[in-house]
Amino acid sequence: MKLAVISFTRTGATLCGRLVKGFRDRGEDCNGYIQKRFLNEFQEVPGLCAVEEPLAEWTGRQFETADGLIFIGAAGIAVRAIASHLRDKYQDPAVVVVDERGRFAISLLSGHVSGANALAGTIADLIGAAPVVTTASDVNGREAIDVWAARRGLAIADRELAKQVAAAMLEDQPVGFYSDYPLQGPLPEGCVQGQLCEWNVWLTARTKAGPDDMVSWFASDPAKILRLAPPVLAVGVGCRRGISEPALSEALTKVLDETGLEARSVACLASIDRKAREPGLLELADVWKLPFKTWPAEALEAAAGTFEESEFVRSVTGVGNVCERAALLAAGENGRMLVQKQICGGITLAIAAGNYTVKLPAAQTERG
């Protein structure tokens with residue numbers, strides 16, 4: 001987690017140094033910012049530097065780069081500093097306010113998805129403060145659906161619908177739960193598996209339910225089905241040299257839309273090693289925030305399965321099919337082909353799915 005701590009007084013600078021040291025000792029990427037006039041007093045504390053830019057500019061810069069911001073001082077200062085930078089809880093970093101005496105650590109912004117509640121708890125452990133958390137699910141002793149999903153690496157397909165489902169759960173309304181994948185560990189509190197409810201959650205890599213899906217049988221109103229997308233899809237790509245990122249993105253979006261697969265479930269891109277430095281593919285991976293995996297022709301040739309071979313492709317690359325073989329290798333052991341080779345003007349795409357089990361993260365904590 002990348003953290004930035006800022007203080008405004010000498011007392012606050014002392015606490016800033018304690019927090020920076022504490023987080024760094026835990027292996028976090030943490031830097032502290034104090035007033036320049038106090039810097040000489042804290043030269044021996046690694047990670048402390050002077051802040052000379054206006055607070056609004058500092059905050060804006062940290063909003064773009066940090067996972068969490070910690071303000072040491074009055075809550076009002078933090079509120080005014082972050083006000084113009086707020087987007088939504090799925091994009092904003094965690095923000096915690098600590099009074100300069102270190103008595104309270106207040107989760108101010110993005111308590112769930114970005115982890116401000118957990119961050120306040122960690123700060124409390126480091127300096128002996130009392131964590132202050134006001135989110136309704138925590139106050140009522142429940143794990144919100146967005147937290148449950150985030151801790152399992154699941155993407156939320158509809159943020160507004162997630163709020164409605166969370167509200168229903170807080171009001172003790174049962175929520176139906178359906179999954180295309182095995183589940184280890186308990187369901188979110190208030191969810192019931194395979195039961196018709198007014199609100200429902202469906203864990204899937206698809207965008208629509210088919211007539212044979214259990215969720216179709218029980219959930220009568222698709223508008224009240226919250227989809228949670230697991231990172232399970234591997235996209236194999238082949239392309240001619242010089243293909244642009246926009247062309248690649250358009251082709252990938254088209255194939256996903258036409259096949260009813262969820263873009264949020266794409267876990268990686270894959271191709272042959274001769275494409276490892278192809279600018280368009282590197283930009284595609286960057287724009288979609290995906291790892292890009294490549295294999296030599298020999299490894300692709302060894303992939304098990306039935307593929308649509310091209311002698312021309314073999315003459316150029318050394319293997320008769322790049323996209324399907326790369327997708328299967330990226331999907332891992334027992335991966336299965338979902339979408340065979342699709343040709344989109346100089347681009348070939350294929351999609352495979354890997355085995356997947358929804359389970360608790362290894363580092364679960366009571367406050368997490």
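**Close-up views of a predicted model**

**View 1. Asn-334 sits in the loop between helix 13 (323–331) and strand 16 (336–343).** Helices (H or I, at least four residues) and strands (E, at least two) are DSSP runs, numbered from the N terminus. Asn-334 is not a glycine, although its phi is positive, about 65°. Most residues other than glycine have a negative phi. Relative accessibility of Asn-334 is 56%, so the residue counts as exposed. Exposed means over 50% relative accessible area, buried under 20%, and partly exposed in between (1.4 Å probe, protein chains only). This is a predicted model: local features need pLDDT of at least 70, side-chain atom pairs count only at pLDDT 80 or more, and totals for chains, interfaces and linings use all residues. Residues are numbered from 1 along each chain as its sequence is written, and side-chain values use heavy atoms, with hydrogens and water left out.

**View 2. Lys-289 lies in the loop between helix 10 and strand 15 (292–295).** Lys-289 also has a positive phi, about 55°, although it is not a glycine. With 72% relative accessibility, Lys-289 counts as exposed.

**View 3. Helix 9 (residues 245–259) and helix 10 (residues 279–288) cross at roughly 60°.** Their axes come within 8 Å. Axes are lines fitted to C-alpha atoms, for helices over the stretch in contact, and angles run from 0 to 180 degrees between N-to-C directions. The two helices are therefore oblique to each other. Angles under 35 degrees count as roughly parallel, over 145 as roughly antiparallel, 65 to 115 as roughly perpendicular and the rest as oblique. Helix 9 makes the contact through Glu-245, Leu-248, Ser-249, Leu-252, Thr-253 and Leu-256. Helix 10 contributes Gly-280, Leu-281, Glu-283, Leu-284, Val-287 and Trp-288. Contact means heavy atoms within 4.5 Å. By class, seven residues are nonpolar, three polar and two charged. Ala, Val, Leu, Ile, Met, Phe, Trp, Tyr, Cys and Pro count as nonpolar, Asp, Glu, Lys and Arg as charged, and the others, Gly among them, as polar.

**View 4. Ser-249 and Val-255 are two residues of helix 9.** Ser-249 counts as buried, at 12% relative accessibility. Not counting residues up to four places away in sequence, Ser-249 touches Leu-284 and Trp-288. Val-255 is buried at 3% relative accessibility. Leaving aside neighbours within four places in sequence, Val-255 contacts Val-339, Gln-342, Cys-344, Leu-349 and Ile-351. The C-alpha atoms of Val-255 and Leu-269 are separated by 14 Å, with the two residues 14 apart along the chain.

**View 5. Leu-226 and Leu-228 touch the most other members of the largest nonpolar core, which has 48 residues.** A nonpolar core is a set of buried Ala, Val, Leu, Ile, Met, Phe, Trp, Tyr and Cys residues joined through side-chain atoms within 4.5 Å. Residues up to four places away in sequence aside, Leu-226 touches Ile-145, Ile-156, Asp-158, Leu-161, Ala-162, Val-165, Asn-200, Val-201 and Trp-202. Another core, of 26 residues, lies apart from the largest one and includes Cys-16, Ala-94, Ala-116 and Ile-127.

**View 6. The chain has 13 helices and 17 strands.** Of its 368 residues, 47% are buried. The C-alpha atoms fill a box of roughly 70 × 50 × 35 Å, taken along the principal axes.
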